[in-house]
Amino acid sequence: MAVSSRLTPYMVLTPEIQHARKMGLPIVALESTLITHGLPRPQNLELALQLEQEVRDQRALPATVGVLEGKIHIGLSGAELETLASAPQPRKISRRDFAVALANKENGGTTVAGTLFAAHAAGIRVFATGGIGGVHRDAPFDVSADLPELGRTPMIVVCAGAKAILDLPATLEYLETVGVPVIGYGTDEFPAFYSRSSGLPVTARLDNPDDVARMAQAQWELGLQGAILVAQPLPQEEALPDDQAEEAITQALADAHTRGILGAEMTPFLLARVAEITGGASLQANLTLLRNNARLAAQIAVELARPQSKTI
Ligand code: PSU
Ligand code: MN
């Protein structure tokens, strides 16, 4: 794999990841906003460790991305994950936040946008998350930096759709505008995170990891720089019924409005409130879909690392 020239003194790669890059071994990037802002303690640390194990079980290497004392880490040790999971007031780091966090030597979790930027700079091509950010429902100018970043970063991103707290049709329109194919993994519909269906179509359906790897190669060989978004729904028995999820979201949005929640605080607030309202059911669904996505991302990374896939 070509060694990226965008590594800077601000980046720290574990020896394991450095070795894997050199050898072209499969690596899966994992984000860390879900550790710092997306999940309550202690589930955040437990989940972070479980995601790494899911990736290793498929014979790929996990690289959780996060910022510690002003350095961007590509791959975190158990102790470093613990530090991040218990850091007081860590920063939520999207594209615009790196400069501030690095200059001030802060700790923080990288969002999908932040992780795309850093993992790509480190030469990683596959990334697993829960739900991407998108266009917010009642604030048309609150568009997650995840979307333009997906449009300019050649990585495969495995998710469970966009968080259902968002305006899903507008989010899909944005992805079309910036040229990101949206793949339904084992489905013809864009999954709605906690629930399986949104009623919205995907660009194409694929059913196995090597088809995803081949599609990514076609896109990148053409020189199209954007991501391939792979959206995998929860299994039926783990998903929340559509109306239950929608009811909780409507309530959470009303609460956010009453309390004057804005900007970067919106997503963490809504996720926590939906978990309260559903008595923890949404949290369980969230944990399950994250593990499933880490597993699929690892399978795709393994396919991408096969010798016949090394032409890109
Ligand atoms: N999905 C989750 N939990 C999260 C997030 C997504 O289940 O915490 C995070 C991701 O890191 C995503 C971010 O990139 O929320 C989007 O935030 P914003 O809408 O402020 O861009
Ligand atoms: Mn936002």
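Trainee: In strand 4, which residue is the bridge partner of G66?
Mentor: This is a predicted model, in which local features need pLDDT of at least 70 and side-chain atom pairs count only at pLDDT 80 or more, while totals for chains, interfaces and linings use all residues. Residues are numbered from 1 along each chain as its sequence is written, chains are lettered from A and ligands numbered from 1 in the order in which they are written, and side-chain values use heavy atoms, with hydrogens and water left out. Strands (E, at least two residues) and helices (H or I, at least four) are DSSP runs numbered from the N terminus, and two strands pair if DSSP finds at least two bridges between them. Strand 3 and strand 4 are joined by four bridges and run antiparallel, and the partner of G66 in strand 4 is H73.

Trainee: Which residue of strand 6 is the bridge partner of G66?
Mentor: Strand 3 is also joined to strand 6, by two bridges, and these two strands run antiparallel. The partner of G66 in strand 6 is G109.

Trainee: How many residues of strand 3 are buried?
Mentor: Buried means under 20% relative accessible area, exposed over 50%, and partly exposed in between, with a 1.4 Å probe and protein chains only. In a regular strand, side chains alternate between the two faces of the sheet. Here L61, A63, V65 and V67 on one side are buried, as are P62, T64, G66 and L68 on the other. The count of buried residues in strand 3 is therefore eight of eight.

Trainee: What is the phi of E69, and is this residue buried or exposed?
Mentor: E69 lies in the loop between strand 3 (61-68) and strand 4 (71-74), a hairpin with two residues between the strands. Most residues other than glycine have a negative phi. E69 is not a glycine, yet its phi is positive, about 45°; at 62% relative accessibility, E69 counts as exposed.

Trainee: Between which residues does a cis peptide bond lie?
Mentor: Most peptide bonds are trans. The cis bond has an omega of about 0°, and P42, one of the residues it joins, is in the loop between helix 2 and helix 3. The residues are R41 and P42.

Trainee: What volume does the largest pocket have?
Mentor: On a 1 Å grid over the protein atoms alone, a pocket is an open set of points with protein on both sides within 12 Å along at least five of seven lines, whereas in a cavity a 1.4 Å probe fits but cannot get out; lining residues have an atom within 4 Å of a point. Grid points are joined across faces, edges and corners, and a volume is the space filled by probe spheres set on the points. The largest pocket is lined by 35 residues, with K92, T111, S144, D146 and T267 nearest its centre. Its volume is about 630 Å³.

Trainee: Which helix gives the most to the lining of the second largest cavity?
Mentor: This cavity has a volume of about 30 Å³, and its lining includes L47, A48 and L51. The elements that give two or more residues to this lining are helix 2 (33-38) and helix 3 (43-57). The one that gives the most, with three residues, is helix 3.
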